[in-house]
Amino acid sequence: MEQKIKTLREYIEEAKTQGRAVGHFNISNLEAFHGIVNAATKLNLPVIIGVSEGEEAFVGRDEIFALVKAMKEQGKPVFLNADHHYTFDSVKACIDRGFDSVIVDGAALSFEENVALAKKCVEYARNCGRDVVVEGELGYIGQSSKILEGVPEGVLLDSLTTAKDAKRFVEETGVDMLAPAVGNIHGMFKGGVDPRLNIERIKEISDAVGIPLVLHGGSGNEADFAEAIKAGMAIVHINTEIRVAYKEALEESLEAHPEEVAPYKILKPTVEAVEEKVIEKLKLFNNID
Ligand code: G3H
Ligand code: ZN
């Protein structure tokens, strides 16, 4: 029997008003899914599970939808986001399947093409018969959640999203949330610390658009979370750090038990490693000591 949980839109609004952010974490397997849900459940917080086009293809759109639905039926505020979907058809497929939110990523397109794509997705979402939250992207920050040797190709850290462009983009598309380029990058520098975010720019954009902002590329930006959230970021995305935690735990597990063949034993430490990482991040996003 489904218990009453708030809508994703309500959790985001609530977080924004209270100076907190909802955590968004990507998965491409069941272990990470369990780790994230365990963490959110322990802290009694809502959480967003994200799947990019590649992650979704690997996990299965129907399968991940069913898993998240099962969590909601247990009364857990777990939501599903189509993270970085690049075409109208891929966004539409996730809306049709029942995802709670979609990210239409036209950041690599021209401003006009990006507006046209986002607008089409917003119109489709508004007419789908459910409340689907639509996020647009403005400003290119790279596309891969991986360990980086330097700033991803094509990313210009001295050319951030402007408040003027952001306002125009939001007015012309009607998106519910906006992900700007404010010094953030997808992926994480080898040493684990990324370039600093431009907090002033986040504030300017937030004031200009009046809708919740989303911080992508959160791995490696720990030092700036508190100020970025205060300035208007209502969701923070983390992927690379989860991938690293998973991989390191898997390597250690295989090395410690070379004779073990039961996947549920080999992989248990990976669930725990993801859980630990997500708890650490959720505490930061929610001002919990
Ligand atoms: O959409 C995914 C996130 O923006 C992840 O970025 O890999 O730098 O944490 P990250
Ligand atoms: Zn992202």
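Strand 5 (residues 133-138) is mostly covered, with six of its six residues buried. Buried means under 20% relative accessible area, exposed means over 50%, and partly exposed lies in between (1.4 Å probe, protein chains only). Helices (H or I, at least four residues) and strands (E, at least two) are DSSP runs numbered from the N terminus.

This is a predicted model, in which local features need pLDDT of at least 70, side-chain atom pairs count only at pLDDT 80 or more, and totals for chains, interfaces and linings use all residues. Side-chain values use heavy atoms, with hydrogens and water left out; residues are numbered from 1 along each chain as its sequence is written, and chains are lettered from A and ligands numbered from 1 in the order in which they are written.

In a regular strand the side chains alternate between the two faces of the sheet. In strand 5, Val133, Glu135 and Glu137 point one way, while Val134, Gly136 and Leu138 point the other way. Residues of both groups are buried. Strand 4 (residues 101-104) runs parallel to strand 5 and is joined to it by four bridges. Two strands pair if DSSP finds at least two bridges between them. Across this pairing, Ile103 stands opposite Glu135.

The zinc ion (ligand 2) has three named protein donors: His84 through NE2, His186 through NE2 and His216 through ND1, at 2.0 to 2.1 Å. Donors are N, O and S atoms within 2.8 Å of the metal (3.2 Å for Na, K and Ca); water is not among the atoms, so sites may look incomplete. The spacing of the donor residues in sequence is H-x101-H-x29-H. His186 and His216 link distant parts of the chain, being 30 residues apart. His186 sits in the loop between strand 7 (177-180) and strand 8 (188-189), and His216 in the loop between strand 9 (213-215) and helix 9 (225-231). Both His186 and His216 are buried.

His84 belongs to strand 3, and at 7% relative accessibility it counts as buried. Most residues other than glycine have a negative phi, and most peptide bonds are trans. His84, though not a glycine, has a positive phi of about 45 degrees. Asn287 is not a glycine either, and its phi is positive at about 50 degrees. Asn287 lies in the segment after helix 12 (268-285) and is exposed, with a relative accessible area of 52%.

Ligand 1 has 15 residues around it, of which Asp83, Ser145, Gly217, Ser219 and Thr240 come nearest. A residue is near a molecule or strand if one of its heavy atoms lies within 4 Å of it. By class, this shell has two nonpolar, twelve polar and one charged residues. Ala, Val, Leu, Ile, Met, Phe, Trp, Tyr, Cys and Pro count as nonpolar, Asp, Glu, Lys and Arg as charged, and the others, Gly among them, as polar.

| Residue | Part of the residue | Distance to an oxygen atom of ligand 1 |
|---|---|---|
| Gly187 | polar backbone atom | 2.9 Å |
| His237 | polar side-chain atom | 3.0 Å |
| Thr240 | N or O atom in the side chain | 2.5 Å |

The protein covers 99% of the 310 Å² of accessible area that ligand 1 has on its own. Accessible areas come from the Shrake-Rupley method with a 1.4 Å probe; for residues, only the protein chains shown count as cover. Strand 3 (78-85) and strand 10 (233-238) are the elements that give two or more residues to the shell around ligand 1.

Terms used. A polar contact is a pair of N or O atoms within 3.5 Å; within protein, one must be able to donate a hydrogen and the other to accept it, and residues adjacent in sequence count only if both atoms are side-chain atoms.
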